[in-house]
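Me: Walk me through this one, please. Keep it brisk.

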Amino acid sequence: MKVAILSDIHGNLPALEVVDKDLAYQRPDAIYCLGDTVGYGPYPGECVDWVREKANIALQGNHDHAMYDDDILRYFNPPAMLAMGYTRDRLTPYQREFLQGLPVVMAIKMLNLTLVHGTFTNPWAWKYIQNEGTAYDELLACPTQFLFYGHTHQPEIYTMGQGLRTDLHPGVPLGWQSLSTTYQHALNVGSVGQPRDRDPRACYMTVEVYKRRFKVQYHRIAYDIPRMFQAVCLAGLEGHLSRRLWQGR
Ligand SMILES: [Fe+2]
């Protein structure tokens, strides 16, 4: 079985379109989306519609949560707040209800994996798996062998066997990588719409499970950043948000 897992689209339709094309070539059996479909970017409705149509499983991220809950907004910085107001105004009630109805964590026992946006231990707190300590705590609590997450926009894999090992994967496209099924792994699938590992290309991951073999691959795809930049400016969201698209950070 081949599964594509993607996260943090953040209203970036030009990036999502190239990923969609690449998915047509990859032909996965299923698509999982780990949340933050909206926020920051000027195409929230289009991205929600894509997830609704194409994702077999979709989760909720903190920016999706902010579409219907004011309490969470105190954690948002000024650019995120600006984009939040813009995004709220543009979603239809149906699109907002769709986001609100999404789960924050999902286990797929058949594939021995768990999906979450932030952390498994406290998914509604929107904390980050961002170093070996947090990865260790999460893997210890997680009942499945593989834990897929997003939220930091950093493609990285933590492996817990005899001790914890970290493999960071910024920037470069990688070939297939076999993962030991003896050990436990936490895998950040990167971000489609706002990569932050200094590689501005859209990022997602495919997973192949065959008998007891488990292989993963990161995909990096260039997209039309000038088009996105122009749309961000036209939406009045220019500044920090658009600059980081060019820089991938
Ligand atoms: Fe995000």
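Reply: One term before we start. Helices and strands here are DSSP runs, of at least four residues (H or I) for a helix and at least two (E) for a strand, and they are numbered from the N terminus. Also, this is a predicted model.

Me: Fine. Where is T181, then?

Reply: T181 sits in the loop between β9 and β10, the latter being residues 184-188.

Me: Is T181 buried, exposed or partly exposed, and why?

Reply: Partly exposed, because T181 has 15 other C-beta atoms within 10 Å. The cut-offs are 20 or more for buried and 12 or fewer for exposed.

Me: What is T181 in contact with, leaving aside neighbours within four places in sequence?

Reply: Q145, R212 and F214. F214 turns up again in the strand pairing: it is the bridge partner in β12 of L179.

Me: Which residues of β5 are buried, and on which sides?

Reply: L113 and L115 are buried on one side, T114 and V116 on the other. Both faces of β5 are therefore covered. In general, side chains in a regular strand alternate between the two faces of the sheet.

Me: What about the pairing of β5 with β6?

Reply: Parallel, over 3 bridges, with β6 at residues 146-149. T114 stands opposite L147 there. With helix α6 (residues 132-141), β5 and β6 make a right-handed β-α-β unit.

Me: And how does β6 pair with β10?

Reply: In the parallel sense, over 4 bridges. Y149 has N188 as its bridge partner in β10.

Me: Which strand is joined to β10 by 5 bridges?

Reply: β7, residues 156-161, and that pair runs antiparallel. M160 has Q184 as its bridge partner in β10.

Me: How many residues of β10 are buried?

Reply: 5 of its 5. Q184, A186 and N188 lie on one side, H185 and L187 on the other.

Me: Switching topic. What is the strand order in the open sheet?

Reply: β3-β2-β1-β11-β12-β9, six strands with mixed pairing. The edges are β3 (57-58) and β9 (177-179), and each of them pairs on one side only. β9 is joined to β12 (residues 213-221) by 3 bridges, antiparallel.

Me: Which strands does helix α1 lie across?

Reply: β1, β2, β11 and β12. Helix α1 is residues 13-26, and it runs at about 25 degrees to β11.

Me: Now the core. How many residues are in the largest nonpolar core?

Reply: 54 residues. Those with the most contacts inside it are I5, L34, C47, F148, V192 and Y204. Strand β11, residues 202-210, gives the most to this core, with 5 residues.

Me: Take I5. What is it in contact with, beyond four places in sequence?

Reply: Y32, L34, F148, V189, Y204, M205 and V207. Another core lies apart from the largest one. It has 7 residues, among them Y40, M228, L237 and L245.

Me: Different spot. Where is I72?

Reply: In the loop between α3 (62-65) and α4 (78-90). I72 is partly exposed, because 16 other C-beta atoms lie within 10 Å. Leaving aside neighbours within four places in sequence, I72 is in contact with N62, H65 and A66. I72 and V104 are 15 Å apart in space, C-alpha to C-alpha, and 32 residues apart in sequence.

Me: Last one, overall shape. What radius of gyration does the protein have?

Reply: 17 Å. That agrees with a compact globule, because one of 249 residues would be near 18 Å. The C-alpha trace spans about 50 × 35 × 30 Å along its principal axes.

Me: And how many helices and strands?

Reply: 8 helices and 12 strands. Of the 249 residues, 45% count as buried. Among contacts with a separation of 6 or more, 72% come from residues 24 or more positions apart.

Key:
Residues are numbered from 1 along each chain as its sequence is written. This is a predicted model: local features need pLDDT of at least 70, side-chain atom pairs count only at pLDDT 80 or more; totals for chains, interfaces and linings use all residues. A nonpolar core is a set of buried Ala, Val, Leu, Ile, Met, Phe, Trp, Tyr and Cys residues joined through C-beta atoms within 7 Å. Two residues are in contact if their C-beta atoms, placed from the backbone, lie within 7 Å. Two strands pair if DSSP finds at least two bridges between them. Axes are lines fitted to C-alpha atoms, for helices over the stretch in contact, and angles run from 0 to 180 degrees between N-to-C directions. A crossover is right-handed if, with the strands pointing away from the viewer, the path from the first strand over the helix to the second runs clockwise. The radius of gyration is taken over C-alpha atoms; the globule rule is 2.2 Å times the number of residues to the power 0.38.
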